[in-house]
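Subject: Structure handover

Hello,

Here is the structure I promised to pass on. Please open it beside this email and follow along.

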Amino acid sequence: MDTGLSGKHVMVTGASGGIGLEVTRQLLAEGARVTGTYNRSSQPLDSIKKKWAEHLEVVKVDQTSEDEVKLLFEQANRTFGRVEVLVANAAISPLEGKAIQDMSLEQWERTLRVNLTGTFLCSKYFFKNLEKFAGDSASLILVGSTAGFFGEAWHVDYSTSKAALHGMLMSLKNEIVHLAPKGRVNLVNPGWTMTPMAEEALTNKDMTRRILQTIPMRKTAVPKDIAGAILYLASDKLAGHVSGQTITVAGGMEGRVLFTPAEVEPNSD
Ligand SMILES: NC(=O)c1ccc[n+]([C@@H]2O[C@H](COP(=O)([O-])OP(=O)(O)OC[C@H]3O[C@@H](n4cnc5c(N)ncnc54)[C@H](OP(=O)(O)O)[C@@H]3O)[C@@H](O)[C@H]2O)c1
């Protein structure tokens, strides 16, 4: 199937992470030119950079810094021209769960700063790039989480940062068309996916059993499940009239198991 992604310039933030890496691989296989970012180590991207030297530009960026995000887009524009698609994928999820009464302001602000402010900054400079380089089409793909929809006890910082992307989606889909008449903004919400971010939970058998009780397909995702939805939304050929939508890739997930059977008692009134 022709996705029309060949030759397109796509930026993937967090390209060194589990989902970003797979998105980058699939985009390159479709013939796209990719600016892929990492924050701490480019190592996961090194082998694909060798194979796709002409088509992949790897850039270090801390997306909490406006200066770094500005420089990222300047470099991307110099290398491959107008960024036509942004996959705003980079985020953190603090490993250790904390009840809100024990969560430090520092943790709350850090998670919001990376996940929400970082996504704001990348989206801001993506739009500035659309303002600078005329073009009909453009696609912004935000990467949220089922935690933004179902919530996640002990992770109010993360779930709030992801829920806020809905507001961004609904606002920016109406702004992008003023810069690119066929511009689109969509949101992909992955559920539990085997990547470095979720590895600790998903290699814990008890935790995984609990998770699978909420998923009719009785399996968690792998990065290619999420990448498929992102590539669909990146493609004007496949999703050219799709904007303002959320695609949840979570095997039909219903929510959370809150208590073990021993912790609940049917009430009589
Ligand atoms: N895995 C899941 O179960 C799951 C579920 C729901 C939603 N998601 C969402 O899917 C997306 C990808 O997650 P993943 O599972 O692939 O996570 P991951 O493997 O931990 O990758 C996260 C990526 O974000 C980058 N990053 C972290 N802090 C950054 C910063 N300050 N500035 C720029 N980049 C930064 C990381 O770079 P470095 O490694 O170089 O620091 C890495 O490339 C995230 O938005 C996540 O919230 C994941």
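Below is what I found, from the whole chain down to single residues.

**Overall shape.** Keep in mind that this is a predicted model. The chain has 10 helices and 7 strands. Its C-alpha trace spans about 65 × 40 × 40 Å along the principal axes. Buried residues make up 42% of the chain. Look at the contacts with a separation of 6 or more: 72% of them join residues 24 or more positions apart.

**The core.** Nonpolar side chains tend to be buried together in soluble globular proteins. Here the largest nonpolar core has 58 residues. Val-10, Leu-86, Val-87, Leu-140, Ile-141 and Ile-230 have the most contacts inside it. Helix H9, residues 223–234, gives the most to this core, with 7 residues. Leaving aside neighbours within four places in sequence, Val-87 touches Val-10, Met-11, Val-12, Thr-13, Val-23, Ile-141, Val-143 and Ile-230.

**Around the ligand.** Which residues are closest to the ligand? They are Gly-14, Gly-17, Asn-39, Ala-91 and Thr-195, out of 31 that surround it. Two elements give two or more residues to this shell: helix H1 (18–29) and helix H4 (105–132). H1 gives the most, with 3 residues. By type, the shell has 13 nonpolar, 16 polar and 2 charged residues.

**Helix H6.** This helix runs over residues 156–175. Its 20 residues reach 29 Å from first C-alpha to last, close to the expected 28 Å. The buried residues of H6 are Asp-157, Tyr-158, Ser-159, Ser-161, Lys-162, Leu-165, Leu-169 and Leu-172. Their cover includes H4, strand S5 (137–143), helix H5 (147–150) and strand S6 (182–190).

Most residues other than glycine have a negative phi. Trp-154 has a positive phi of about 75 degrees, although it is not a glycine. Trp-154 sits in the loop between H5 and H6.

Arg-218 counts as exposed because 11 other C-beta atoms lie within 10 Å, and the cut-off for exposed is 12 or fewer.

Best wishes

Definitions and conventions
Residues numbered from 1 in each chain as written. Predicted model: local features only at pLDDT ≥ 70, side-chain atom pairs only at ≥ 80, totals over all residues. Near = placed C-beta within 6 Å. Helix = DSSP H or I, 4+ residues; strand = E, 2+ residues; numbered from the N terminus. Nonpolar A, V, L, I, M, F, W, Y, C, P; charged D, E, K, R; others polar. Core = buried A, V, L, I, M, F, W, Y, C linked by C-beta atoms within 7 Å. Buried ≥ 20, exposed ≤ 12 C-beta atoms within 10 Å, placed from the backbone. Contact = placed C-beta atoms within 7 Å. Expected span 1.5 Å × (residues − 1).
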